[in-house]
2 protein chains.
Amino acid sequence: MEHSEVNSHCRIVVDAMGGDFAPQNAVLGALQAASMDTSIELFLVGRKNEILDVINKNNLHFDDSHIIHADEVITMSDSPVLALKTKPNSSIVVGAKLVREKKADAFVSAGNTGAMMSASTLIIGRIPGVGRPTIGTIMPAETGICTIFDVGASVDSKPNHLLEYAVMGSIFVREIYGIKDPKVGLLSVGEEDSKGNKVTASAFKMLKKTKLNFVGNIEGRDILKGKVNVVVCDGFVGNILLKFAESFVGLLKSKIKAFAYKGLINKIRVLLMKGTLKMVMKEFDYQSYGGVPLLGVNGISIIGHGSSSVLAIKNMVLRAKEMYDKNLTNKIEESLKEYANISE
Amino acid sequence: MEHSEVNSHCRIVVDAMGGDFAPQNAVLGALQAASMDTSIELFLVGRKNEILDVINKNNLHFDDSHIIHADEVITMSDSPVLALKTKPNSSIVVGAKLVREKKADAFVSAGNTGAMMSASTLIIGRIPGVGRPTIGTIMPAETGICTIFDVGASVDSKPNHLLEYAVMGSIFVREIYGIKDPKVGLLSVGEEDSKGNKVTASAFKMLKKTKLNFVGNIEGRDILKGKVNVVVCDGFVGNILLKFAESFVGLLKSKIKAFAYKGLINKIRVLLMKGTLKMVMKEFDYQSYGGVPLLGVNGISIIGHGSSSVLAIKNMVLRAKEMYDKNLTNKIEESLKEYANISE
C-alpha cells in the first residue's frame with residue numbers, strides 16, 4: 001500500500017446499484033469524479049446491462065473492462081448480515097472483495113448502510129489494532145468543523161473502543177480538513193470530569209493519557225457550537241443524535257408551512273422568506289456533505305445516504321481519493337500502536 | 001394524601017432563591033399562580049428579608065407566616081450532593097423537608113437542577129416500587145404531545161428502570177395532557193425489534209409484557225415527528241438529546257445572522273422575515289413550557305430552568321397543582337405494583 005502522499009494512482013470501486021436512484025446517480029456521479037481527477041482508476045460494480053444503459057443514454061464513454069458484473073442487489077430492506085450470505089453475487093459483496101483482494105483501494109456505495117458496514121468489516125477486514133470500526137458524520141457547527149464518531153457502526157462500545165474512535169476521528173479531521181491538532185471531546189451529561197456513565201468515566205481516564213488534544217467532557221449543547229472538532233460517543237448515542245438532527249429541518253419546514261396556512265399575510269411573509277431560509281438551511285442538509293467514512297477497515301470504505309444525488313456520489317468518490325492520498329489507513333494503524341497498552 | 005380529583009386544597013412550596021433572577025421572578029411568578037387559583041396555599045422558602053423586599057417593591061400582599069426563612073442558598077455552581085450536606089439551611093433542603101414532613105404537597109424550584117433532583121430523591125424519598133425517579137421534557141412535535149423520559153435523572157439505567165420511566169411517563173401524559181392511551185416508544189438505533197443495545201433489548205421484552213400502548217423501538221428521527229407520546233431512554237441519551245435540541249435554535253439564529261452580514265440585500269431579507277421566524281421558533285422555546293416534573297418521588301417536585309421567567313415560574317406552580325389534583329403520586333404507585341414482577 002506504499003504510495004506518495006499526493007495524487008497517486010488510486011483504484012476506486014463504486015457500487016452502481018447502491019442508492020434509491022441507482023444505477024443512474026451512482027454511475028453519473030462516479031464518472032464525473034473520474035473525469036475531474038485522472039489519477040482515479042474507476043471500477044463500476046453491478047448489473048452490466050443496466051450500467052451500460054446509463055452510460056449510453058447519457059452519451060458517455062467508459063472502459064468496458066472496468067465494469068465488474070454483479071448479478072444480485074442488496075436492497076434497503078435486506079437484513080445486512082444475512083444478505084452478505086444469501087447474496088454472494090451482490091454488488092456490495094463483490095465490491096468489498098475487490099478491496100480485500102487488493103484489486104482496488106477504495107469502495108464507495110450509497111446502498112444498504114448496514115450491509116456496507118458489515119461487508120467492510122467482515123470482508124475487507126479491520127486494520128490491525130482496531131477493535132471496532134467507526135462511522136462518522138459532519139455537523140454544521142457555528143465555528144469550524146465538527147465531526148461525531150461513532151454514529152452507528154457499533155453499540156455497547158467499551159472504553160477502549162471510544163479511545164479508538166477518538167484516535168481515528170482525530171486523524172480523519174487532521175488529514176482531511178487540515179486541522180493541525182483537532183480538539184476531542186467526550187460526549188457526556190456534564191462538563192465536570194466526574195460526569196458521565198460507567199463507560200465514559202473509564203474512557204475519560206484513558207483519553208487523558210493520550211497525546212490527543214482531549215478537552216474533556218462536552219455536553220449536547222456544545223456540538224453545534226463547534227466546541228470540539230471530534231465528538232466521541234457510543235454508536236447508540238451518536239446514531240440517535242444524527243437522526244434527530246436530520247429530522248429537525250423537517251420539523252422547521254412543517255411548522256413554517258402550518259404558519260403560512262393561517263392566513264394570507266402569513267402566506268406572503270413565508271413566501272418572502274422562502275429563498276432566504278432555503279439558503280440558510282442548505283448547511284443543515286447532510287446530503288450535501290456526501291457520504292460518511294467508515295474508519296478502521298483495512299482499505300477505504302465510504303457509505304452514502306440512500307437518497308444520494310449525483311453530486312453526493314461524486315463527492316464520495318473524491319473523498320475516497322483524498323483519504324487514499326493522505327494514506328489514512330496506515331496512519332490509523334501507526335497511531336493505534338502507540339495506544340495499544342493504555343488502560344484506565 | 002387522600003383528596004378529591006378536582007381543585008383540592010394544595011400546599012405548594014416555592015424556592016424563592018432558585019434561578020438566575022431570584023428572588024424577583026420566583027416570588028412574582030409564585031404569587032401570580034396563587035392569585036389565579038385560590039385553592040393553592042403558597043409557601044415561599046428563602047431569605048425572608050429579600051423575599052419581603054420583592055413583595056413590598058411590587059406593592060403585593062402576602063401572609064408573613066407563609067414565608068419560611070432559609071438562610072443559605074445553593075448556587076448553580078455548587079456540587080449537588082455535597083451542597084445538601086454543607087448547606088442544611090438552604091432553601092432547597094428546607095423546602096424538600098417540608099414535603100417529606102407532609103407540611104407541604106409540592107415543591108417548585110428553578111435552582112440548581114442536580115441539587116433539586118438529589119433533595120427530592122434523598123429527602124422527599126421515592127414512591128414505593130420506584131427504583132429510580134425520572135425527569136421528563138416536552139418536545140415540540142409535528143403532531144401532538146411528545147415527552148422524553150429520562151432526560152438526566154439517572155445514567156446507566158437498567159432495563160427495569162426504563163420500564164418504570166415508561167409507566168410514569170404514560171401516567172403523566174395521560175393525566176396532564178388528557179391523552180387516553182399514550183403511545184410509548186423505546187428509543188433505539190432502528191425500528192426492528194432486534195435493534196438496540198443490551199439494555200434496550202431487555203427493556204423491549206419487558207415492555208412487551210405490559211398493558212402500556214408500547215409501539216416498539218423508535219429512532220431519533222421519530223421524536224419530532226410525534227410518532228409516540230412517551231419516548232423512553234436512559235438519562236445519558238435523553239440529557240444529551242435535550243441539550244442538543246436546545247442548542248439547535250441558537251445555531252439557526254447565528255447562521256441567519258451570518259447570512260445577513262453578507263450584504264445589504266441579505267440584510268433586508270433577514271429583516272423582512274425576522275418577525276415570522278420569531279413566531280415559528282417560539283415553539284422551540286423550551287422555556288415557555290415552564291419546568292419539568294421529577295416523577296417517582298413521594299410528593300410533587302417540579303424543576304425549572306435557571307433562567308426561568310415570571311411566566312415560567314407561574315406555569316410551574318400551576319403544573320404542580322395540576323399534578324396534585326390528578327393524584328399522580330398515588331397513580332404511579334398503584335400502576336407500578338402491577339409490573340413489580342415483570343422480567344425479560
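In the predicted model, P293(A) has its bridge partner, I302(A), in β11(A). That bridge belongs to the pairing of strand β10 (residues 292-295) with strand β11 (residues 300-303) of chain A, which runs in the antiparallel sense over three bridges. Zooming out, the two strands sit side by side within an open sheet of 11 strands, ordered β3-β2-β1-β4-β11-β10-β5-β6-β9-β7-β8 in chain A, with mixed pairing. The ends of that order are taken by β3 (67-69) and β8 (213-218) of chain A; each has a single partner strand, so one side of each goes without a neighbour in the sheet. On average, and with direction ignored, neighbouring strands here are turned by 25° against each other.

The corresponding region can be followed in chain B. There, strand β10 (residues 292-295) and β11(B) again pair in the antiparallel sense, with two bridges, and V292(B) stands opposite I303(B). These two strands make a hairpin with four residues between them, and G296(B), in the turn, shows a positive phi of about 110°. On to the other partner of β11(B): strand β4 (residues 106-109) of chain B pairs with β11(B) in the parallel sense over four bridges, and V108(B) is the residue opposite I302(B). What about the two faces of strand β11 (residues 300-303) of chain B, and which residues lie on each side? Both faces are covered, with I300(B) and I302(B) buried on one side and S301(B) and I303(B) buried on the other.

An α-helix has 3.6 residues a turn, so residues three or four places apart point the same way.

Is M168(A) buried or exposed? With 28 other C-beta atoms within 10 Å, M168(A) is buried, because 20 or more is the cut-off. Setting aside neighbours within four places in sequence, the contacts of M168(A) are T134(A), F149(A), L295(A), G296(A) and I332(A).

Finally, the two chains. Chain A superposes on chain B through a rotation of 180° with 0.0 Å of shift along the axis, at an RMSD of 0.1 Å. That is the relation of a two-fold axis. The same surface serves both copies, as 100% of the contact residues of chain A recur in chain B. The contact draws on 38 residues from chain A and 38 residues from chain B. On the side of chain A that touches chain B, α8 (235-260) and α9 (264-281) each supply at least two residues, and α8(A) gives the largest share, 16 residues. By type, the residues on this side of chain A divide into 20 nonpolar, seven polar and 11 charged.

Technical notes:
Residues numbered from 1 in each chain as written. Chains lettered and ligands numbered in written order. Predicted model: local features only at pLDDT ≥ 70, side-chain atom pairs only at ≥ 80, totals over all residues. Least-squares fit on C-alpha atoms with pLDDT ≥ 70 in both. Contact = placed C-beta atoms within 7 Å. Nonpolar A, V, L, I, M, F, W, Y, C, P; charged D, E, K, R; others polar. Buried ≥ 20, exposed ≤ 12 C-beta atoms within 10 Å, placed from the backbone. Pairing = 2+ DSSP bridges. Axes fitted to C-alpha atoms, helices over the stretch in contact; angles between N-to-C directions.
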